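My entries are below the display.

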Amino acid sequence: MDKTLIGTRIPVWGILRKDPGFVYVLEDNGRYKIGKTKSATDRLRAAKTWLPDLKLVGCKPFWNVSHIERDLHAGFARSWYAGEWFRFNEESDRELLLEGFITFSDTDYDRNSINFTYWMNGEGMAEPLIEQEGQRLTLPAFLKQEALNRKS
């Protein structure tokens, strides 16, 4: 990543280049962790110490990584399990995450940050964000609410 880009905007789209990092997806026994990190290598090495058999689905670079991670958590709220973990009861939701996430570039912050907007809006994951904001719930409260709604 070119650190001189921080604070500038992606031409045409106007996305501010700030908060660079990586969003990663890990799989362990049918559960998926959606997390963020500034250092992909260090984070994945640490994760292997507490889950030695985990599978790395992907680790992709983005600008505004905190916002991207939060949007993913809200977008998959109905599959929330605990913390940053998700268990998909709907195969279509699992496929949406896995197939969509692996298509992001392994190196291009700009392209990923632009394409994320299209992916979120095009696949219907923005609706939960709108619902959360409309209810004025924090992300943890919204995740718990959606998990309870799924069970009933």
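The entries start with the ground rules and then go through the features.

Entry 1, ground rules. I am working with a predicted model, where local features need pLDDT of at least 70 and side-chain atom pairs count only at pLDDT 80 or more, while totals for chains, interfaces and linings use all residues. I number residues from 1 along each chain as its sequence is written, and side-chain values use heavy atoms, with hydrogens and water left out.

A pocket here is an open set of points on a 1 Å grid over the protein atoms alone, where a 1.4 Å probe fits, with protein on both sides within 12 Å along at least five of seven lines; lining residues have an atom within 4 Å of a point. I find 15 lining residues, and His-67, Asp-71, Phe-116, Thr-117 and Leu-129 are the closest to the centre.

Which helix gives the most to the lining of the largest pocket? I note α4, with 5 residues. At least two residues each come from α2 (65-75), α4 (109-122) and α5 (126-135); helices are DSSP runs of H or I, at least four residues, and strands are runs of E, at least two, numbered from the N terminus. By class the lining has 7 nonpolar, 5 polar and 3 charged residues. Nonpolar covers Ala, Val, Leu, Ile, Met, Phe, Trp, Tyr, Cys and Pro, charged covers Asp, Glu, Lys and Arg, and the others, Gly among them, are polar.

I read an angle of about 90 degrees between them, with the axes 7 Å apart. That makes α2 roughly perpendicular to α5 (65 to 115 degrees). Arg-70, Asp-71, Ala-74 and Gly-75 of α2 meet Pro-128, Leu-129 and Gln-132 of α5, where contact means heavy atoms within 4.5 Å.

Beyond neighbours within four places in sequence, His-73 touches Ile-34, Glu-84, Phe-86, Leu-139 and Leu-143.

I checked Asn-29, a residue other than glycine, and its phi is near 50 degrees. Asn-29 sits in the loop between β1 and β2 (31-37) and is exposed at 68%.

Terms used: Axes fitted to C-alpha atoms, helices over the stretch in contact; angles between N-to-C directions. Parallel < 35°, antiparallel > 145°, perpendicular 65-115°, else oblique. Buried < 20%, exposed > 50% of the residue type's maximum accessible area, 1.4 Å probe, protein only.
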